[in-house]
Every structure is written in C-alpha cells, then in structure tokens.
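Student: Could we go through this model together? I would like to start with what covers one of its helices.

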Amino acid sequence: MFGFLTLRRGRDRLDMTDWIAFGFLGFGVVLMLGPVLWLALSSFKTEAALQEYPPKLLPLAPQFVEVEGFETALQRFRVVAGEHAGRELAQVRRVGLNAQMIDPANPDERLNVHINDREPVRAVRIASENYTGLFTRFNFLLYFWNSTFITVAATILTVLFNSMAAFALAKYRFTGRTAVFLLIIATLMIPPTVTLVPLFLVVSQMGLINSPWAVIWPAIATPTGVFLLRQYMLTIPDDLLDAARMDNASEWRVYWKIVLPLSAPALAVLIIFSVMWRWNEFLWPLIVLNRSEVFTLQLALNSFQGELQTAWSSLLAMTVLTLLPITLVFAFLQKFITQGIAQSGVK
Amino acid sequence: MAEVELRGIVKEYGAVRVVHGVDLTIEDGTFCVFVGPSGCGKSTLLRMIAGLEDISGGDLLIGGERVNDQRAAERGLAMVFQTYALYPHMSVRQNLAFGLENIRMPKSEIAARVDEAARMLKLEPYLDRKPRALSGGQRQRVAIGRAVVREPKVFLFDEPLSNLDAELRVSMRGEIAALHRRVGNTMIYVTHDQVEAMTMADKIVVLRDGRIEQAGAPIDLYNRPVNTFVAGFIGSPRMNFLPCKVTGHDADGLTLQDAQGRPLRAAVDGRTVGEGDTVELGIRPEHMHPDPEGYPVQVENVEQLGGESYLYVRTETGVALTAHLSGQTGLARGGRAFLAIRPEFAHVFRKDGTALPRLRLGELEGDTRT
Amino acid sequence: MAAIVRALYEGAFNLFEKPMQMLQYSLGAHRMAWVFLLPNLLIFGLFTYLPILLNVWYAGTSGDRILLGERDWTGAANFATLLDCGSYLDPNTCRRDLFWRAVHNTGWFVVLQVGFMILLSLIAALILNRNIPLKGFFRAVFFYPVLLSPVVVALIWKWILQRNGVLNAGLDWAGMPTVNWLLDPSWAFFWIVFVSIWANMGFYVLILLAGLQSIPSDVYEAAEMDGTPAWRSLLRITLPLLTPTLLVVMVLSLIRAVQAFDEIYVLTGGGPGSATTLLIQYIYDVGFATRPRQFGLAAAASLLMAGVLLVLTLLQLAATRKRAEDG
C-alpha cells in the first residue's frame, strides 16, 4: 500500500503505485496552479461578470445588436421556453416580469417573453480595460517603478557589498577573521522582525521615512548572501589569485576581474534571492512607507484591497501584473532556481 | 635577467618555523631546481621569492636589490603554477594579455607579444579557446606563455609538470629546457621528482625540513652526495646502504666488514674515522654487477626489461639491495648470486649520515658503468 | 543588452579602481580585507547590531515618543505587564489579553502548520523522488507558490474564499451549505494554516527531495534483493537516512512559522476579532498601527519572541551540524 512512496526503479511498465503517485501529483498540480489560473482568468472579466454568482469559468460578456430604428444597441437573448422557444431575439425593454423583444430580422414585430424564459447570449470577451485602467485611473506605473527601483538598487548593493565581504572572508588570512565571520553569521539568528522598533528609530533618525532608501539600506547586508558567496569563493583555487597578483593585478582587480566572474553561479543565486526578497517584501515597507506616492506594489495592493468598496476587477488585474515578473523569471530559470535553493538551503 | 640571492631566509607561521635560514646564490641565467620530499619547504621558499608569502627573516636580493618589501608584481618575476592557474573565464588570448593589460601596455605591443609567445609555444590555433577546451599539455603551454609574455627577470615554476601523464612530462621537460636555452633567463623550478631535477638543472638545491642539504651541479650531487639523505634522494632506483664496521684504512681507502664479517673495500678518505666505528657503505644499483668473486646474495625477484634488468636481492644478514644491470641476465628468482661492490664506486657515511670524501672519482668520469 | 551590462561592469570597475589602488598602497595588501569588509559591517552595525542593543533599551521604557531621551525608564514594567496573567492558559485572565491570544494563536498555528506541512512535503518529496515522467514539471509546480509575494498569495485565496467565490459556488453546485470562510473564527484559522502551507510547502519539498536524492540507490537495490517489502524499506531505510534533513526542515519551518505575518495579515487582518492575530501582528499593531504607539511594549514582546527564536535557532545549528557530520 505504501509502494507509491518508495523509489521506483526504471521499469518499463507503469504499475498500480505509479497511478496513485500520479493521482497525488495531479491533485497537487490542480491545487497549486488552479488558484493562480483562476485569478488570472478572473482578471479578464468585467466587474459585472465578477459580481455574478455562481461565477462562470470564462470571461463572458453580453452581446448586443444594432437594430434599425433604435438609437442604442439592443442586448441579445436566446429564448429557452414558452411560445418563442429556440429563437434568438433582441430585448427592447423590460416591463415587470415580461421583456419586450424583437427579432432583429423583423424589427417591426414586438414579442412578449417572460424574463425566466430567456437567457442572455454571451461570448468570450477579454476585459482588457481592467488592465488599461490601471495605467490611466490608478498610479500603477508609479508603484511598479517604486518596486522596481527598490528591487534593482537593493540587489545591486546586496551583491556588491556581500561579495566584497565574502571575498575578504574567503581569501584573506587576518586576525579577527573568524570573529567577523561568526558575527555576521550570528545575525541569521536575529530576524529583522525582532528589531522592528529600534530599526524604525534608526531609519527615522536618518530621515529616511517615506523614502525608498528606508527599505533598501537595512536590507542589503544579508548574512545569507555573505555565507553563500563565501562558501562558493572557498572553492576558487588560491593559485588563481596568486597568478593574477603575479600578473600585476591590484587586490581590487583580483576581486573584480577574477573572483567575481568566477563566482557567477553563486552570484546568480543571490541575485534571484534578492530580487524575490525585495519584490515580495511587505512588513518593513508597511512600517516605513506611509505615503501612497512611495508605495511599492505590495503596499498598493494591500491598501487597495483594504478599501471599503473593493473593485475586484482592478485589484485582480493588479495582482496578476504583480506576480507576472516573478513568474516570468521562474519560467525561464526554473531549473537553476530550484537547484540553487536545494543546494544552499535558504529562502 | 638577474641574479637571485637568499641571505638567511626564514619563514615562520606563528611559532612554527618552516624555513630555517636559507643562504643561496642563483647566478644570472642559471636553471636552478629546488628538489626535496613534500613538506621540505621548497614551495614556501619559491612563494617567498615570488612575493606571495611574507619573508619572516633574512634578505632576498634580485639583481642586487633588496626586494623583501616589494609586492609580487613589482619584483618583475613570472610564475607557472602547479595547477596552471589559468583564468577559466578568459580565452587563451585574454589569459596571455591579462598581465600586460594590468600595466597598461599599448594594445599593439600586447598583440605583438601574445602572437610571438603563441608562435613560440605552438598555441596559435587555440588562442580563442577557453582553458577547459584544452588538453593538459596545451594548458601547460598557456601557463608558460603567460609567463613568457611578461618578459620577466626570473621565471618561477612550481611543480609545473606534476599534473601531466608520463609521456607528456618528458616532452614538456624538453620544451622548458629549450625555452631556457632560447630566453636565457634565470629560472627557479620546484619539483619533488629528482629525474626532472637531474635532467633540467644547471644547479640543484636539495631541501629537507626547511634547510638546504646540498646545492650544486646535478652530476656533483650524484657523485659526491654530502650525506645519506642526498645520496638516497638523487639517483633512481635509490642508493643501497649496507651497515658496516671500519676495520682499517690506508692511502687507497677504508677496509670494512659487514655484519657477517665479510670484508669490503671503499676508496674514500678514511682519516676521520677510527677502527671499530659503525658506518654505512653506499652503493648505487647501477654500480653493482654479477661477479663470481663478489658479494653473495639471495635473488628475491628479477625484472627483465629487455635492454636492462633489475635484481632485487637480500644479503645473508637480511639487508635488501637492488642492482640495475644493463642487458639481460640469466639469474633467476630464488637462486644465489654474487655481486661485485667495487671500491671506487663505494660511498661511506659516518654514523651521523655525513659522507667521507671519495678518492678515485677522477678515474670514473665518463665511465661510471662497467 | 550583454554589451551594455559589460560596459556597466567595466565602468564600475574603473570607477573604484583608483581609490582602491590608493588604499592598497597606503594600507598594504593584507589590510585590504578590512576595506572589503567595511561596507557590509557598517550596514550590519547600523541596522542590525545597534537595533539589537536599542531594543533592550526600548523594552525598559514607556511612552509614545520614538527618541530614547524622551522616554521614561520603567525597568521591567513592560515585561511585567505582558506577563501579568491569572492563568497563561486563558488569555481572558491576562492584563494584555490580546498578547496572550496572539501567543496562543501562534502556538496552535506553529504546531498545525509545521506538522501538516512536513507531512505533506514528505509525501510529495517521496513521490517526486521516483523515476516518474514529468518530474521536473511537478517539482516546479509545487515550488512556484514559494516565489509569490505574500500579498499576492493572500489575494489569490481571498478571491477564492470570498462569500460569492468559486469555493462556495462549488459547494452550492454539490448541494452543500456555503460558508463565509473568513468571517467564521474556526474556518478563518483553518484557512490561514492552509494558505501558509500552500505558499511555503514547495520550499521544503525541494530540501527533502535533495536529501532523498543523496541516499544512494544501491541501498534500495540491496533491500530489493533481500526481498524487503516496500513499506518496510520506507520505514527502515528511507526515513532513518532522511532524519537529519527532516530535522533541519523542521527547525527551519518552526522558526519561520513563529514569525508568520504577511499573508495572514492581508488575508484576514487578524480577524475575525482576534481569531487569527499572531505574534508579529500584535507587535506591529501595538508598536505601529494603533495610536498611541506603544514602542516599549512592542519591543518587550519582540524580545520575548527573540528568546523563543534563539532556542529554535540553536536547535537548528545542532541539527545542521548533525547533518554535516552524518553527510
């Protein structure tokens, strides 16, 4: 019975245990991807379609038809019961429980249909206005820029500072090296959530409240990054550095032209981590960024969903645009990311 | 072009002294080989000359100038590393050019030097490849080329051939020797392989435990090892040692007796030892050959290589000896044999390991084989 | 694109080369280590070490002023307030009942979230370790939510769980009663546990999978030659060999669970009432969200939490060391 949990060796035939395994995985795929797909699908629906209950799978919109003699287009219905069952008509107006309808082919004849006997004719229509509206009615681009700026600036500085420190710790012998290394690693034990209050004091005394740098500076010295890079740099042979020194390279040149390029795989992992951390960060920005013009995307989403009248159509579109960059990065670098994380054991 | 002089060079790691006051002069244009077992300090010494390790004490002079406090790059040296230390992310051309770019040499001159080195080392077809796409021998040549383009005062080699297979090693040995003939610079070469030392060096420096045991021309070290360590280290297979007692000496040398009381003669100056002293008689495998009048031994193993043969034998007192004979032999495993130990080939070492001066070396030059 | 990156890389090199060279000449090559360390250490000092020290100070003061000089020293009063309880098992008897409710919620959250998450991750990892087709795809799918921001995760589920959401529609269709998921205290708690497992599980699947893959396959082959039944090889070979990795995963997830905040805050806001208020949210509420801001209380609460985390981290170090020794 537990066979599906054990290693299957490369046999040709699929047996019972394989089907159980596939069943579990299939369920997992639906559970993991389903919600995201549902969100993406919903983001293309009009506000009216979003309010509809029970919800339809596809973004459907009512269809209209131009009829001679009417100034506005008329909505199309299919009659499902009663006298005119099977015909497709256009509705002129609704009177109580009855709808006055006409056949677009024969606009002079008025027909009366009970409203429960007709169904709107609908077709798939992508509500792209949900997305375009983000740019015209909401400051989406501003939030996007704020998030991008913080992510890019913090990532560059993180990679630079952490790799410099890692280089010193991996490739120099000096008194106090072990102490410094332990001091840095010890900060792994002190998650930023523990020092919120005093950190707020430091940042506010530096006059950084409501500046993107309030998010960037405290984030860039990561013990994880230093550790990750140091471990990688230890594998670069010292001979290579000595050869460069014999080749007249200054220490800075050794670092920049030899050690950094050779650490590229570890740097890439750190870049991905850093982008993920900064793009997704929430609590600290929530504390130090209080004005909407400095909001990151995450903050904008949060404040938006907290409003009394949530306009789901815009909110969903904004959510999709927020998860899109990370999704694209993942789609292209999937193997690399999963390997990097499995090897380094950090998130 | 420069002379390298070491005066009382000392290296300490904390309280541990690993190089104990080395004095050495390497004349301009010399190919000097540091040889010794691993851990003898030869690489440390080389790295101190290179400027990659701090010098704890003593003076290092290159071209008559004290360079202790100069950085590696300022000393005008180039080094070939055991691991080659090629920059894996750069093409061969970039590897060769890196050091020249660092001193902001004009591009045209860099190109000229790189092309010349590539031609000399037959690297032209590979200039745009990355090191990982090269064979071991090609990588080795790039590493040498990287030193050549710098036109250094002194070339340093740190066991450069130890990662190559035997055949390649022989041919690279020839190439490095040819390079030395062509450029004529001082070269310092570290190896643990005494064959490399013997074949390439103008001057061999044998090191042990951070001290120089002996320095000199290869053939001198072979003929006049100053102690049992050098005697055992230089020459392959290693020298045989037979414990003996001094029974008398005259103008022609010493009379000795092995543990069984069998008499032996050695043409050495025996004035500094007295009768009854314990000494060791040394005889190289290639200097023993079958002789009905010789020393009786038991044959334990025979290796016939066709053109030469090795006899592994044991004396009656249980001492294992090796004999290297030219040509083929009729001796068989398990049989008895008699090996000549001629006085003019014998070395004698005092109890403390130091050698007695040999007397009849002049007769043997050019005729060490019988 | 690549040319631009290369040009920027060269530019940055040239920008720093001269000053760094000057430093090297004046300090000597071996002191350059400190030059390379300096930026990182400055940031650490200012934004990590200094706050740690200040936190202790804050915990001993009261008032709503942020500047330490303007705050009143009250000693251990903040801790006394937080710890003043009739019975620690009943938050209603505590002076700071909300704090203790948050502690209780966090406790339950940690136990349930970590327990179920490890179980599910283990099953998924065991299955993904088989030689099945599409392995890479399944692994990627399980991992994908890990990358999503907590706010996005919360909104994805909020959209599904809302009263007219697709989940209720499904129940309706199946003829079952609908529930207002996030307004019912028990269900809301269930969903924060569920969503947090959903969002984090992939990470642990990955770690466990790496652990499983480091078990040599000849061990299983030997077991198969011995005729070992599948369940027995799972219990007697796989799990014992995976124990060190499991330990690491457990401690890591414990540390994270204690600090859970983001997705829960956006999903439920801690409600209904205080049914899903966890520790970090309490600290945030007390220190930043409600006025007057009680920095002292927030600092004291975070120190108490830091104590718990310290114990968990030491456990992690021990577990990591064990793994390193075993590996």
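Predicted model: local features only at pLDDT ≥ 70, side-chain atom pairs only at ≥ 80, totals over all residues.

Student: Understood. What covers the buried residues of helix 2 of chain B?

Tutor: The cover includes helix 9 and helix 10 (251-262) of chain A, together with helix 3 (107-120) and helix 4 (136-149) of chain B.

Student: And how many residues of that helix are buried?

Tutor: In helix 2 (residues 92-102) of chain B, 8 of the 11 residues are buried, so the helix is largely enclosed by the rest of the structure. The buried residues are Val92(B), Asn95(B), Leu96(B), Ala97(B), Phe98(B), Gly99(B), Leu100(B) and Asn102(B).

Student: Which residue with a positive phi follows helix 2 of chain B?

Tutor: That is Arg104(B), with a phi near 55°.

Student: Back to chain A. Where is Arg245(A)?

Tutor: Arg245(A) belongs to helix 9 (residues 238-246) of chain A.

Student: Is Arg245(A) buried or exposed?

Tutor: Arg245(A) counts as buried because its relative accessible area is 18%, and the cut-off for buried is under 20%.

Student: What does Arg245(A) touch?

Tutor: Not counting residues up to four places away in sequence, Arg245(A) touches Tyr172(A), Glu251(A) and Val254(A) in chain A, and Leu52(B), Ala72(B) and Ala73(B) in chain B.

Student: Changing topic: how many residues does the largest nonpolar core have?

Tutor: The largest nonpolar core has 245 residues, and those with the most contacts inside it are Phe34(B), Leu156(B), Phe36(C) and Trp157(C). Helix 8 (residues 185-213) of chain C gives the most to this core, with 17 residues.

Student: Which residues is Phe34(B) in contact with?

Tutor: Leaving aside neighbours within four places in sequence, the contacts of Phe34(B) include Leu24(B), Ile26(B), Lys42(B), Leu45(B), Ile49(B), Ile188(B) and Tyr189(B). Val190(B), Thr191(B), Val205(B) and Leu207(B) are also in contact with Phe34(B).

Student: What does the second, separate core include?

Tutor: That core has 47 residues, among them Ile144(B), Tyr222(B), Phe229(B) and Phe233(B).

Student: Now the interfaces. How many residues are in contact between chain A and chain C?

Tutor: There, 104 residues of chain A are in contact with 115 residues of chain C. The area buried between the two chains is about 10100 Å², and carbon and sulfur atoms give 76% of it.

Student: What about polar pairs and salt bridges there?

Tutor: Between chain A and chain C there are 13 residue pairs in polar contact and 2 salt bridges. One salt bridge joins Arg253(A) and Glu17(C), whose closest N and O atoms are 2.9 Å apart. Helix 1 (residues 16-42) of chain A gives the most to the side of chain A that touches chain C, with 16 residues.

Student: Last topic: how is chain C divided?

Tutor: Chain C is divided into domain 1 (2-23 + 30-77) and domain 2 (98-326). The C-alpha centres of these domains of chain C lie 32 Å apart.

Student: How much area do domain 1 and domain 2 of chain C bury between them?

Tutor: They bury about 620 Å², with 67% of it on carbon and sulfur atoms. In domain 1 of chain C, Asn55(C), Ala59(C) and Asp64(C) lose the most area to domain 2, together 57% of what that side buries. Between these domains of chain C there are 0 salt bridges and 1 residue pair in polar contact.

Technical notes: Residues numbered from 1 in each chain as written. Chains lettered and ligands numbered in written order. Heavy atoms only, no water. Core = buried A, V, L, I, M, F, W, Y, C linked by side-chain atoms within 4.5 Å. Buried < 20%, exposed > 50% of the residue type's maximum accessible area, 1.4 Å probe, protein only. Helix = DSSP H or I, 4+ residues; strand = E, 2+ residues; numbered from the N terminus. Contact = heavy atoms within 4.5 Å. Domains from an automatic or database assignment. Buried area = accessible area lost by both parts, 1.4 Å probe. Salt bridge = Lys/Arg side-chain N within 4 Å of Asp/Glu carboxyl O. Polar contact = N/O pair within 3.5 Å; in protein donor to acceptor, adjacent residues only side chain to side chain.
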